[in-house]
Amino acid sequence: MSVEVSQAPQTAARSISPLSELRALKREGLAGRHAQVRQLLDALIAAGDPLDIEAAGMMLGGAAQREQLAAEGAFLVQNIALLGSSTLDSLPHQLTAALVAGGILPQVRAAGFNQWQFEIRAGAPNLADLAPGVSALLLDDGAVYEEVANPLDLDEVEARCAAFPARLGEWADAARQVLGGLIVLTTVPLSPLRRDSVIDYGRKARLEAAWDAMNAGILRLAAQKQGVVVLSAAAIQGRVAGAFATDRMRHVAGHIFSAEFQREYAAELARVVRAGLGRAAKCLVFDLDNTLWGGIVGDDGAAALKIGGAYPGSAHLELQKYGRDLAAQGVMLAIASKNDEDVAQDAIANHPEMLLRPDSFVAVRADWEPKPGNVRQLASALNIGIDSMVFVDDNPIERGLMRELLPQVTTVELPNDPAGYAAIVARRGDFNLLTLTDEDLKRTEMYRAQVQREELQSGSGSLEEYLLGLGSQLTVERLGEFNAARIVQLFGKTNQFNLTGIRYTEEEVRRRSESGEAAFFGGRLKDRFGDNGLIAAWSLTRDADGDGDRGGAWRIENFVMSCRVFSRNVEDAVVGLILRAAAAAGAGEVRASFIPTAKNAKFAGFYPALGFERVEAAGEAVDEHADGQGPAQLRHTLRDLAELPSWIGVTREEEINNAF
């Protein structure tokens, strides 16, 4: 199998620093260099020097650089607002580096020093025009103490701590009103100077207890407030040697947090942004020898493998436990190993200390082919993007080859000592989600059923026989309490079959649905092999200017569908149901839009194939982008409705009939 070769420099062959290479690329121009840029940023982030990461972000944050990188269509775009109570001048650059490394091109803007309250109370004069998708607030303990007259009066401090979570929740509500998007809060660390200013241990303990209770209240805001994520400052502190800046930096520059703390905060915030844009990874691909177990099964035999017990077996078992925990939360596990398949499969199935068994994996590729080709085949078989895969292998040669031939795959850098394997992979947060849904929990089962479907297809005489043999049943679900999170997740994380790129917040979906401004639906698909879960979502509105007996035209505002059910005509069935419902309601036409993104170009002809014609937004003239390469406004006059796919049964279609 042939694989494309990136022009990115190999890590092992570098004679100059990644930062110097990035500077050279910038001088030459970044257009067409997105893979190289991301690899160099990965190397910088792995090295961990916050000043180098800041310098890299500064180089890539300019308008010209963003334009050059955006021209390829290889990045998702997100605007981000930063607010705080102290100087955070390096944070936008560190965040830019972390996001570009993760395939997201940001525009980051920070409010002024300690302007976090004024900015929101004044209607966000410096941030509102940015229309941020994510707004993050990072506070130091000065924000808590600023309304405490006597910091040694613990009655007053306790009262302030008790009230602060509610005050912060009110701020988050106001921020969502003026900025929209997702609000990211962080608990507030207590500085050593504040703690050490109290000299008796009983009162120190009282202060710590009040502070911990306050932070627990802040963490609970994540469950109490829609569209709010809360990060733990303690978790971020645990990853750095020192959370607070030096005393000199505090006095001279107004820095409260160390550059290392800001680096880790930026990395965590970048994970939140990626999750919100549907860029969380879906599949973890493990090597076997000296990764999931100690030893080489082909040379040593299964009985000699080190799994569990004393070190190093305990470290390999710990990695398996981490994989088990991921699988229980919907992450798919797979194997790519240089081994004879029967030997590898026997060890997985029969070694008494193996925690991960054959049914833990959606696929096993154990052969002597290059691993990049096997990982590409895995992605194709699972019908997910290559950039949804994370590769873990102890061998630096295999890691280097993966980075060289498949730079889209996230390749985890591992040390020689396996003791930290599980902690290193977990700390990256590649699989973090904003919300875990029932469909996420069932993902491994769903993809295993997909393998059975492919086996059925290989034995069928024709595509129609195969589709009829599946016995597919589509159920239409109107937005409700039990499916709202999944519908929002589908709009947020679907990139390929996303016909406009519109992404909604849960609050926006609920508000517009309750007001009657829009109707939101989900589509659930079952077949003889199991429940695929909620695999499609669409939003409908009405345009008052259209013809029709009941007030205008219907509009498909956006339509998204999971890639795992491509090629089964589910999307045709959904639009067919919408057209029939609109006609029955007396609408004159159904309108739709196609807005090209980096991932949806293959579906530019979807609406025209179903009888929609391209028109100008407000008239009859053919759109200048009739070649399908640009944005298009379309309409269906409801005169000729194609038959629905005969191999898809439909239940609860009346949900659409009652859309308005």
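Tutor: Of the 660 residues of the protein chain, 53% count as buried, where buried means under 20% relative accessible area with a 1.4 Å probe, counting protein chains only. This is a predicted model, in which local features need pLDDT of at least 70, side-chain atom pairs count only at pLDDT 80 or more, and totals for chains, interfaces and linings use all residues. Residues are numbered from 1 along each chain as its sequence is written, and side-chain values use heavy atoms, with hydrogens and water left out.

The protein chain has 27 helices and 19 strands; these are DSSP runs numbered from the N terminus, helices being H or I with at least four residues and strands E with at least two.

Now the sheet. It is open, and its 5 strands come in the order β8-β7-β6-β9-β10 with parallel pairing; two strands pair if DSSP finds at least two bridges between them. At the edges are β8 (363-367) and β10 (410-411), each of which pairs on one side only. Strand β6 (residues 283-286) runs parallel to strand β9 (residues 389-392), and 4 bridges join them. In this pair, L284 stands opposite V390 of β9.

Helix α15 (residues 313-328) lies across β6 and β7 (332-338), and runs at about 155 degrees to β6. Axes here are lines fitted to C-alpha atoms, for helices over the stretch in contact (heavy atoms within 4.5 Å), and angles run from 0 to 180 degrees between N-to-C directions.

How values were computed: Buried means under 20% relative accessible area, exposed over 50%, partly exposed in between (1.4 Å probe, protein chains only).
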